[in-house]
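Please examine the sequence and the structure shown below. A short report accompanies them.

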Amino acid sequence: MTRRLEIAPERIGRWLDGFAERHDGARLTEEGAVVRAEGGDGAVAVGTSFTHDPLGVVLLRRGGYAVGLARDGRLTAHKCGTRYVQSRTAAGGWSQQRFARRRGNQADELVRAVSEHVLRLLPAGSGLRGLVVGGDRALVRDVLVDPRLGHLVDLPRRELYDVPDPKLAVLQEAVRRGRAVWVDLDEPDTSA
């Protein structure tokens, strides 16, 4: 069974040493941002680093957002906030259509507000090297299609769609996770 680990970049060397100790040695191969470790017992670890710095972060869910700029793993600028977006309703007929329009308008307003914050905190020419996005896929996509944010589209990207409602602590955790080396670890079953 393969599981994903997120290892801080400054700890990856020690983690690989521990992998070699636990799995009867290790043969390492490295190609660009990917390192592969094969243990003597058949275990395999494939680590992908994301060493882009400075890093932009855009997290967005219905009702909340967080935008940040991180250098050397620390936030240097950020904006977190909330915007009300009505949830779905069980009503039918005219009411359902009216609530759907209202919900759509509120979501559009959230996207516009977040686009403005992204434009202010992560402007073109800021030297961004990578982007971490997370939250609601559709809302993040809607923010990034803003033509004024075209400079973010081709940046290397990490996606964290499993983040909770964005706030400062979640933004700081997203910076940590965005910088982490993602290790896919496949260990042989030793229970038999």
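The report below describes a predicted model, beginning with a sheet and ending with backbone geometry.

## The five-stranded sheet

An open sheet is built from five strands, arranged in the order S7-S6-S5-S8-S9 with mixed pairing. Its edges are formed by strand S7 (74-82) and strand S9 (157-160), each of which pairs on one side only. From one strand to the next, the twist averages 10°.

Strand S6 (residues 64-71) and S7 run antiparallel and are joined by eight bridges. Within this pair, Gly68 has His78 of S7 as its bridge partner. Helix H3 (residues 137-144) lies across strand S5 (55-61), strand S8 (130-135) and S9. The direction of H3 is at about 140° to that of S8.

## Two nonpolar cores

The largest nonpolar core contains 23 residues. Leu60, Val114, Val118, Leu122, Leu131 and Leu152 have the most contacts inside this core. At least two core residues are supplied by each of S5, S6, helix H2 (93-121), S8 and H3. H2 provides the largest share, namely six residues.

When its neighbours within four places in sequence are left aside, Val114 is in contact with Val58, Leu60, Tyr65, Val67 and Val143.

## Val132 and its surroundings

Val132 belongs to strand S8. Its relative accessible area is 0%, and the residue is therefore classed as buried, the cut-off being under 20%. Beyond the neighbours within four places in sequence, the contacts of Val132 are Leu55, Gly56, Val57, Val58, Arg158, Leu160, Ala174 and Gly178.

Val132 can also be placed relative to Arg179. These two residues are separated by 47 residues in sequence, while their C-alpha atoms are 9.1 Å apart in space.

## Helix H5

Helix H5 (residues 168-179) has 12 residues. The buried residues of H5 include Val170, Leu171, Ala174, Val175, Arg177 and Gly178.

## Backbone geometry in the loops

Most residues other than glycine have a negative phi, and most peptide bonds are trans.

The peptide bond between Asp53 and Pro54 is cis, with omega at about 0°. Pro54 is located in the loop between strand S4 (44-48) and S5.

Asp24 is not a glycine, yet its phi is positive, near 55°. This residue is in the loop between helix H1 (12-22) and strand S2 (26-31). Asp24 counts as exposed because its relative accessibility is 62%, and the cut-off for exposure is over 50%. Asp72 likewise has a positive phi near 55°, and is found in the loop between S6 and S7. With a relative accessible area of 64%, Asp72 is exposed.

Terms used:
Residues are numbered from 1 along each chain as its sequence is written. This is a predicted model: local features need pLDDT of at least 70, side-chain atom pairs count only at pLDDT 80 or more; totals for chains, interfaces and linings use all residues. Side-chain values use heavy atoms; hydrogens and water are left out. Two strands pair if DSSP finds at least two bridges between them. Helices (H or I, at least four residues) and strands (E, at least two) are DSSP runs, numbered from the N terminus. Axes are lines fitted to C-alpha atoms, for helices over the stretch in contact, and angles run from 0 to 180 degrees between N-to-C directions. Contact means heavy atoms within 4.5 Å. A nonpolar core is a set of buried Ala, Val, Leu, Ile, Met, Phe, Trp, Tyr and Cys residues joined through side-chain atoms within 4.5 Å. Buried means under 20% relative accessible area, exposed over 50%, partly exposed in between (1.4 Å probe, protein chains only). The expected span of a helix is 1.5 Å times one less than its number of residues.
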